[in-house]
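Me: Got a model to go through. Can you walk me through the contacts and the strands?
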Amino acid sequence: MSWLVRRGNPRPTAVSMAANGQPAAAAATIDDLPEILLLDIFLRLPSLSDLVRAACTCLPWRNLVTNFPPFRRQFIDLHPAPLLGLFFDTPFQAVPGIPAFAPARRNDPELVAAILSGDFFLTALQARDGPEANWSFLDACGGYLLLIKEDEVLLLLLNPLARWCERFFDLSDSRIFDDDDDDREGDRQLLYAGLICDDENPASFGIFCLAAHGEFRLRAAVFFSFLGMGGDWFLSPWLDVPHHPNPHPEGDEDDEGDEDDDGDEGDLVLESGMRVGNFIYWLYQNRAYVVVLDPNPNNPRLFVEMIPPLLNLEGFHSSILGQINGDKMCIAYSNGFNIGFMLRQEDGLDAGAWANSRVFNLTDQVRRKLGYLPQNGLKIAAMRGSIVYFTTSQMFHPLEATCWFACLCLESRRLEWLFPRTYNGLFQPYHHSSWSTFLLPENERFYPFI
């Protein structure tokens, strides 16, 4: 009986004989398989960590995985980056603090091991600043976390999975606030910053910033690690916008995106900054306009687009801009205990218009989980890819009311209840990186924190 073994492993010393008295054929090894079959086997491994362990078996296997880019894309598409947990911002900005982490899947031993080996308590910040550490998060993407020091324009990029990885960016040196229009009234300040990550290369990242001068003037700055960590920020021209962007985001953030918000409907929803394809979008409160950033480092630019009036979300509890099915722009919304999404038509007579695509009724699932139906329905808080994160209560809900955090995949319809927790601050889903630097070819490796 032949068996499948790796070359170099011990083999039986006795020579087996066939029935005709001739020496039996050599045992087949896994090295005899064509490369295309090996890659197909690797695609069927359960997780990225299993693929890394398989690539460690021998140099030919590692070279096979690292030097075939289409396989990388296929594996990432079949194995979405797992959710590790949620980072919650400090509930009171006036009180020093740092974001708190809540693990999501406590029964998965591999994800628990990743959390235990990392620095999810952000002890590096506490060691640096002591008890007066006061940082708020801005974005989480590709395994990175982007924070800002309160009352300063100092950004911090770190990777909680790798304890020693951190990088500071002082935006006062970026010239983002320089403006030739010195006569314009109003303060110059940073409105928002976020991350641009390459899911095929965890060592590559970009940072984009949105600044304001006064009430109706915006500018963007972008930074990319592949251009060198000592490189410059690339600035867009100043853009005069039709409505003021609300340069005071510390207002009532819980009502952002609601039609019944008492604030100015011209306000820009800063936390709506979402990358769709190669662009970043910020939605206005009245959903009549979006501010769009093209982060091309050769020519970064901001512009404003109108949203067709056919898009009517009046009365909907919350909504968020995102993407689904690759790079298709969508708007996910909640209405009572329904979560649905609209897609923008790309061609035909209705090109540019929005059409309702699918609605999920979660009434029964919510009643079974909580034992009752909350008064205010579901609240969408974040979106990553095709996954919508929502809560069963408003932010700063009464403490006696249970708030569950959950996520719904708009493509597979899979609903996952994460955990109950007090909802007392904004949060960001934190996912593991989609690929490993160990599986990158040498020409794509660089170390962003050196």
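Reply: Start with the rings: Phe88, Phe405, Phe419, Tyr423 and Phe427 form one aromatic cluster. Rings of Phe, Tyr and Trp (its six-membered ring) pair if their centres lie within 6.5 Å; planes under 30 degrees apart count as stacked, over 60 as edge-to-face and the rest as tilted. This is a predicted model, where local features need pLDDT of at least 70, side-chain atom pairs count only at pLDDT 80 or more, and totals for chains, interfaces and linings use all residues. Residues are numbered from 1 along each chain as its sequence is written, and side-chain values use heavy atoms, with hydrogens and water left out.

Me: How many aromatic pairs are there by that rule?
Reply: The count comes to 26. One of them, Phe205 with Phe223, is tilted, at 6.5 Å centre to centre and 35° between the planes. Phe205 is in strand β8 (residues 205–213) and Phe223 in strand β9 (residues 217–224), 18 residues apart. Strands are DSSP E runs of at least two residues, numbered from the N terminus.

Me: Phe205, buried or exposed?
Reply: Phe205 counts as buried because its relative accessibility is 1%. Phe223, at 2%, is buried as well. Buried means under 20% relative accessible area (1.4 Å probe, protein chains only).

Me: And why is the Phe405 and Phe427 pair edge-to-face?
Reply: The ring centres of Phe405 and Phe427 are 5.4 Å apart and the planes sit at 80°, so the pair gets that label. Phe405 lies in strand β22 (residues 404–409) and Phe427 in strand β24 (residues 427–431), so the pair ties together parts 22 residues apart in sequence. Both Phe405 and Phe427 are buried.

Me: What sits over the ring of Phe88?
Reply: The charged end of Arg421, 3.7 Å from the ring centre. Arg62 lies over the face of Phe438, at 4.1 Å. The rule wants NZ of Lys or CZ of Arg within 6 Å of the ring centre and within 35 degrees of the ring normal.

Me: Switching to strands. What does β13 pair with?
Reply: Strand β12 (residues 274–276) runs antiparallel to β13, with three bridges. Strand β14 (residues 289–294) is also antiparallel to β13, with four bridges. Pairing takes at least two DSSP bridges between two strands.

Me: Which residues face each other there?
Reply: Val276 stands opposite Phe279 in β13. Trp282 is opposite Val291 in β14.

Me: What about the turn between β12 and β13?
Reply: β12 and β13 form a hairpin with two residues between them. Gly277 in the turn has a positive phi of about 65°.

Key: Buried means under 20% relative accessible area, exposed over 50%, partly exposed in between (1.4 Å probe, protein chains only).
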